Amino acid sequence: MDTTITDIKILECTDSKFVRPYRISFTQDGMHRNWDCVHVHDSVSILLYHENKDAFLLVKQFRPPIWYNLSKSGENYEEMGYTYELCAGLMDKGLSEEQTIKEEAIEEVGFKLYSVEKIAVTHGALGFGGNKQTMFYAAINDDMKIGSGGGIDGERIELVYLKLEQVREFMKNEQKIKSPGLLFAFMWWGNKFKRDIV
């Protein structure tokens with residue numbers, strides 16, 4: 001997928017439907033404290049293993065906060081602001097976690113999932129967000145492909161197949177921006193299926 005990012009501007013955010021800043025005031029051990037936080041929707045994610053390709057299916061997309069933090073640090077990456085992630089989505093549609101991840105799989109990667117296995121529940125951005133993410137797993141194959149994926153509503157999601165023999169090097173490659181959750185999912189998979197991928 002060929003995407004070009006241009007005309008980047010940093011603006012104030014006062015009316016987001018996705019995040020809401022707030023401050024918590026509290027007393028701890030007799031000392032008054034204030035803590036600035038951000039309310040964020042809970043989310044779901046899924047590790048997808050493609051049986052025909054013997055590969056994990058990841059999504060790659062431009063994430064403005066990653067670009068912003070890297071550019072402010074002066075660090076230079078091959079793919080400035082692009083991340084490699086599990087297929088994922090926000091819990092903002094009134095659906096169950098399983099329904100949400102199945103819908104996200106169709107939208108983002110074009111696969112219809114019939115069953116998913118729950119891996120774990122984690123909480124992210126512990127210092128300021130603390131939102132919950134439920135992680136799932138599913139094996140997929142060519143027969144389950146019903147669309148091209150790529151996202152909706154202007155999303156520009158690229159599908160990336162990562163062969164099992166590439167996982168170890170991918171995990172060590174600091175130029176490939178990834179979350180701790182993705183690394184955890186790889187380790188979970190290797191342990192469950194007794195495959196030495198990490």
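Residues are numbered from 1 along each chain as its sequence is written. In this predicted model, local features need pLDDT of at least 70, side-chain atom pairs count only at pLDDT 80 or more, and totals for chains, interfaces and linings use all residues; side-chain values use heavy atoms, with hydrogens and water left out.

Helix 2 spans residues 97–109. Helices (H or I, at least four residues) and strands (E, at least two) are DSSP runs, numbered from the N terminus. The 13 residues reach 18 Å from first C-alpha to last, close to the 18 Å expected at 1.5 Å a residue; the expected span is 1.5 Å times one less than the number of residues. T100, I101, E104, A105, E107, E108 and V109 are buried. Buried means under 20% relative accessible area, exposed over 50%, and partly exposed in between (1.4 Å probe, protein chains only). The cover over these residues includes strand 3 (43–50), strand 4 (55–62) and strand 8 (132–140). G110 follows helix 2, with a positive phi near 80°.

E104 lies in helix 2 and is buried, at 6% relative accessible area. An unreviewed UniProt entry annotates E104 as "binding site"; such annotations may be inferred rather than shown by experiment. Beyond its neighbours within four places in sequence, E104 is in contact (heavy atoms within 4.5 Å) with C87, A88, G89, L90, K93 and V109. The side chains of E104 and K93 make a polar contact at 3.4 Å. Such a contact is a pair of N or O atoms within 3.5 Å; within protein, one must be able to donate a hydrogen and the other to accept it, and residues adjacent in sequence count only if both atoms are side-chain atoms.

Two non-glycine residues have positive phi. D7, near 55°, precedes strand 1 (19–28) and is exposed at 66%. D54, near 50°, sits in the loop between strand 3 and strand 4 and is partly exposed at 25%.

Rings of Phe, Tyr and Trp (its six-membered ring) pair if their centres lie within 6.5 Å; planes under 30 degrees apart count as stacked, over 60 as edge-to-face and the rest as tilted. The count comes to eleven aromatic pairs. F56 and F186 form a tilted pair, 5.1 Å centre to centre with 35° between planes. This pair links strand 4 to helix 4 (residues 180–192), 130 residues apart. F56 is buried at 0%, and F186 is buried at 0%.
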